[in-house]
Amino acid sequence: DSFNEHLNWGKFNIVKGEKEVALNEYLTAYQFNSSDIELIETIAVLLEGLKDTTKACEFYERLVELEPKNSNALQKLAIFRDSIGDYRMAFEYIERLKQVDPRNQFASENYESYKDRAENGGSFMSFFKNIFGKRM
C-alpha cells in the first residue's frame with residue numbers, strides 16, 4: 001500500500017543520508033496515516049535534526065495527543081515553549097512530565113524554575129515587578 005511504500009522510501013533515504021528526501025517521504029506517508037506513533041516521532045526527530053524546531057514541536061504535540069505519557073515529547077515541548085517565552089505552557093508540559101515520569105532528571109532539575117517563570121513571567125518580568133510592584 002502507499003503508506004508502507006513511502007515509509008520504506010523514507011527509511012531507504014535515511015540510510016543514504018538524504019534526510020530532506022526522507023522527510024518528504026515520511027510526510028507523504030503521514031498523509032495516509034496520521035496516527036502512526038513511530039512515524040510521527042521519526043518526523044519530529046528529523047525536523048529537529050534539520051533545525052526546524054517549530055515544525056518538530058507540532059509533531060511532538062500530535063504525539064502527545066496520541067500518547068499522553070510520552071515523556072520525551074513532553075520534555076521537548078516544555079523546552080520549546082520555554083524557549084519562545086510561553087512559560088505557562090512550558091510549566092504545564094513539565095508538570096505533566098513530572099506526573100508521568102516522577103524520576104525524570106530534566107523535570108526534577110527544572111521544575112521550580114519553570115514554575116517560577118510561569119508564575120512571574122520569567123526573570124525580565126520579575127525584574128519589572130520588583131521595581132514597579134503590583135501596578136503591573
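E61, R81 and D86 are joined in a network of salt bridges, a salt bridge being a side-chain nitrogen of Lys or Arg within 4 Å of a carboxyl oxygen of Asp or Glu. The model is a predicted one, so to speak of local features takes a pLDDT of at least 70, side-chain atom pairs count only at pLDDT 80 or more, and totals for chains, interfaces and linings use all residues. Residues are numbered from 1 along each chain as its sequence is written, and side-chain values use heavy atoms, with hydrogens and water left out.

First, the overall picture. The protein has 8 helices and 0 strands, with helices (H or I, at least four residues) and strands (E, at least two) taken as DSSP runs and numbered from the N terminus. Read along the sequence, that gives the pattern α-α-α-α-α-α-α-α. Of the 136 residues, 35% count as buried; here buried means under 20% relative accessible area, exposed means over 50%, and partly exposed is in between (1.4 Å probe, protein chains only). The accessible surface comes to about 8500 Å², and 49% of this belongs to carbon and sulfur atoms; these areas come from the Shrake-Rupley method with a 1.4 Å probe, and for residues only the protein chains shown count as cover. As for contacts (heavy atoms within 4.5 Å), residues 24 or more positions apart account for 37% of those with a separation of 6 or more.

R81 sits in helix α5 (residues 71–83) and is buried, with a relative accessible area of 18%. The side chains of R81 and E61 meet in a salt bridge at 2.6 Å, N to O. This pair links distant parts of the chain, with R81 in helix α5 and E61 in helix α4, 20 residues apart. E61 counts as partly exposed because its relative accessibility is 23%. R81 also forms a salt bridge with D86, where the closest N and O atoms are 3.3 Å apart. Leaving aside neighbours within four places in sequence, the contacts of R81 are E61, D86, Y87, M89, A90 and Y93.

The structure holds 7 salt bridges, and another one of them pairs K55 with E58, the closest N and O atoms being 3.3 Å apart. Both K55 and E58 lie in helix α4, 3 residues apart, or about one turn of the helix. K55 counts as partly exposed at 35% relative accessibility, and E58 is partly exposed too, at 40%.

Now for the rings. There are 4 aromatic pairs, counted when rings of Phe, Tyr and Trp (its six-membered ring) have centres within 6.5 Å; planes under 30 degrees apart count as stacked, over 60 as edge-to-face and the rest as tilted. The rings of Y30 and F59 have centres 5.2 Å apart and planes at 70 degrees, so this pair is edge-to-face. Y30 lies in helix α2 (residues 19–32) and F59 in helix α4 (residues 53–66), so the pair ties together parts 29 residues apart in sequence. Both Y30 and F59 are buried.
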